[in-house]
Every structure is written in structure tokens, then in C-alpha cells.
Amino acid sequence: MGERIFTLDDLSGVRSVCGCLACKLSTVFAEYLADLRTGYPGKVTTLGHRGAAPGTTAVPHFLAVRVGDALLDVVVWEEMRPDQLRAWLPAAEARARVPQLAARIPRLVRIRQALRAGTFTPSGPTGAALSAGGRYPSFRFLVEHWPTLKKEFTP
Ligand SMILES: [Zn+2]
């Protein structure tokens with residue numbers, strides 16, 4: 001499945017505790033994830049304006065939002081318990097990279113924009129997964145393929 005493109009029209013009628021744009025987008029995205037995921041323990045919990053609770057991990061997600069002619073990346077944060085993180089990202093070595101990459105949002109956004117613009121094409125299985133495999137540069141994909149992306153992406 002390709003990447004879902006959201007528009008501001010998706011926000012009409014959305015109820016969230018905080019009425020700001022980021023929280024409304026979080027609510028829309030949480031519903032989307034809940035429908036998409038199978039075998040995920042518990043429910044999707046977005047962070048809104050708080051930090052992650054002790055013992056949990058703050059995981060960013062990138063939403064592509066169409067605004068006029070532009071596709072903008074919006075970051076929404078999800079809080080995951082250890083069992084949820086394992087279910088979402090089974091590979092331990094990729095899971096260990098989550099906090100490190102969560103602190104590098106601007107670089108990841110540049111990679112997403114370069115992939116979208118066609119100015120960056122990763123080699124090997126990473127590029128193949130994007131071109132033919134139906135994967136898109138979600139945060140999970142970026143974490144899973146970080147060794148290749150880090151080596152090959154020069155901003
Ligand atoms: Zn808010």
C-alpha cells in the first residue's frame with residue numbers, strides 16, 4: 001500500500017481534547033493506524049503536548065499533508081509501551097535505533113522530500129522496497145533501512 005496523503009479536509013468534524021491543528025491531525029492519524037494495524041497490543045496512544053511516560057518510547061510518525069500544491073510532512077508522536085514497540089518493530093537492532101532517529105527529525109524530513117522529488121534513490125533492497133515493494137518512507141521504514149540511508153544520503 002502506498003502512502004496515505006491527508007488533506008486539511010480530513011480534519012473537519014474531528015474531535016480531539018486539544019483543538020490545535022497538530023492534535024487534530026494526531027487524532028485522524030491514530031484512527032488510521034488503528035484500522036491499519038493487526039496484532040498490535042492495546043490501542044494507539046498519541047502524545048499530544050505531553051512527554052512520553054516513564055518506561056515508554058516516543059515514536060514519531062510522518063504524515064504527508066497536501067496543502068495547495070505542496071506536500072508537507074507533519075510529525076505526530078505516539079507513545080508505545082515496550083510490548084507495543086516490539087509488536088510494531090520486531091527487529092531488535094532497528095528498535096534500538098528509534099530514540100536516536102527520533103532526535104533527527106529534520107534529517108529524516110529531508111530524506112523523505114528527496115525521495116519524493118526523485119533526487120535520492122537508495123540502492124539495493126532499500127531502493128527496491130520503495131520502487132516495487134509498496135513500501136513508503138514511513139518512520140518505521142527509515143529506522144529499518146537506516147544503515148543504507150545514512151550511508152547513501154548526502155543532503
Ligand atoms: Zn494541541
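Two strands are taken to pair if DSSP finds at least two bridges between them. In this predicted model, β3 and β4 meet that criterion, pairing in the antiparallel sense over eleven bridges. Within this pairing, V65 has L72 of β4 as its bridge partner. Two residues lie between the strands of the β3 and β4 hairpin, in which G68 adopts a positive phi near 60 degrees.

Strand β4 also pairs with β2, which comprises residues 45–46. The two strands run antiparallel and are joined by two bridges. Here T46 is partnered by E78 of β4.

At the level of domains, the chain is assigned a domain 1 spanning residues 1–88 and a domain 2 spanning residues 91–155. A distance of 19 Å separates the C-alpha centres of domain 1 and domain 2. Contacts between the two involve 13 residues of domain 1 and twelve residues of domain 2. On the side of domain 1 that touches domain 2, β3 (57–67) and β4 (70–80) each supply at least two residues. Strand β3 gives the most to this side of domain 1, contributing six residues. By residue class, the side of domain 1 that touches domain 2 consists of eight nonpolar, three polar and two charged residues.

Key
Residues are numbered from 1 along each chain as its sequence is written. This is a predicted model: local features need pLDDT of at least 70, side-chain atom pairs count only at pLDDT 80 or more; totals for chains, interfaces and linings use all residues. Domain bounds come from an automatic or database domain assignment. Two residues are in contact if their C-beta atoms, placed from the backbone, lie within 7 Å. Helices (H or I, at least four residues) and strands (E, at least two) are DSSP runs, numbered from the N terminus. Ala, Val, Leu, Ile, Met, Phe, Trp, Tyr, Cys and Pro count as nonpolar, Asp, Glu, Lys and Arg as charged, and the others, Gly among them, as polar.
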